[in-house]
Structure formats: C-alpha cells, structure tokens
Amino acid sequence: MTIYRGSCHCGAIEVDYETAIPAAEATMRACQCSFCRKHQSRSVSDPAGRATIRVRDAALLNRYRFGMGVTDFLVCRGCGVYVGAYFEAEGGAWATLMVNAFDGHADWTGPLARRVHDAEDASGRVRRRQDTWTPATLVVDPS
C-alpha cells in the first residue's frame, strides 16, 4: 500500500489516500455533473484502500451539498480548493479524492473516465458510492 498525501492550497484541509493501485495506473474519474465539470474534477477511489481527511480549522470547511443532498463536497473556505467528496451511510463513511489536490499530482497519468450518473436515484447513488468509493475518516479540529 502507498499513501498519497495532499491538501488544499492553504493547507487547512489535508488528505491521505492509501491504496495498492500505482498513481500511473489508476483510472481517474471525471464526473460530468455541473459541479465537477466546473472544477475539472479528476477523482480517485479504491474500495480496498483508506482515505483520511483532516480539517485543521472547522470554520474553513465548506460542506457543499446539491442535487440529492446525499454527499458533502468538501471545499476550503480559505483558498477555494475542492479536495474531495464524503458521505456517511449505514454506519460507514466513504470518500473520493481529487487528484489535483495531491502532492505529486503530475504522477497521475492513467486514463480519465467520464462518468454520467443522471439516471440514478438517491438509493442507487448511495449503493454505488459504498461499492466504489474509498472507506474514509473525516477528522475536524474544532478550533
């Protein structure tokens, strides 16, 4: 397993992504929803991996929700960087992380798969994320 580290621009939100998939071989996803298109999203996840998202100052975490409202899109209020999406359901939590927030993001040279999920209902969306996203922990410092 390799740990890929990253953060938003100002460092208020840090991410660790643990996976056995090498960066150059990982398939990145480009969700085609309007939010992800506007952020030029390149996301990765690994159901066999682990994601940890640490927020140093709770006041700088913007949990943006839209559409079906089942997921928090984590954006730094300080610098505006979108670091990943996170959701909790049935006693677990999962995330997909933005490759552009990783240190060494240029190492991620694998294919980019465009994904359209417009036909999903809320329960289908939750099931897909539980099956394909990375088990995650979100740690928010209350300062």
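**Start with the charges**

Select the charged residues: the chain has 17 positive and 16 negative charges, and their mean positions are 6 Å apart. Here Lys and Arg count as positive, Asp and Glu as negative, with His and the chain ends not counted; each charge is placed at NZ of Lys, CZ of Arg, CG of Asp or CD of Glu.

A quick note before moving on: this is a predicted model, where local features need pLDDT of at least 70, side-chain atom pairs count only at pLDDT 80 or more, and totals for chains, interfaces and linings use all residues. Residues are numbered from 1 along each chain as its sequence is written, and side-chain values use heavy atoms, leaving out hydrogens and water.

**Switch to cartoon view**

You'll find two helices and 11 strands (DSSP runs: H or I of at least four residues for helices, E of at least two for strands, numbered from the N terminus). Follow the chain from the N terminus and you'll pass β-β-β-α-β-β-β-β-β-β-β-α-β.

**Go inside**

Now select Ile-13, Ile-53, Tyr-86, Phe-102 and Trp-108, which touch the most other members of the 27-residue largest nonpolar core. Such a core is a set of buried Ala, Val, Leu, Ile, Met, Phe, Trp, Tyr and Cys residues joined through side-chain atoms within 4.5 Å; buried means under 20% relative accessible area, using a 1.4 Å probe and protein chains only. Strands giving at least two residues each include S2 (13-19) and S5 (50-55).

Which residues does Ile-53 touch? Among them are Ile-13, Leu-74, Tyr-86 and Val-139, not counting residues up to four places away in sequence (contact: heavy atoms within 4.5 Å).

How values were computed. Buried means under 20% relative accessible area, exposed over 50%, partly exposed in between (1.4 Å probe, protein chains only).
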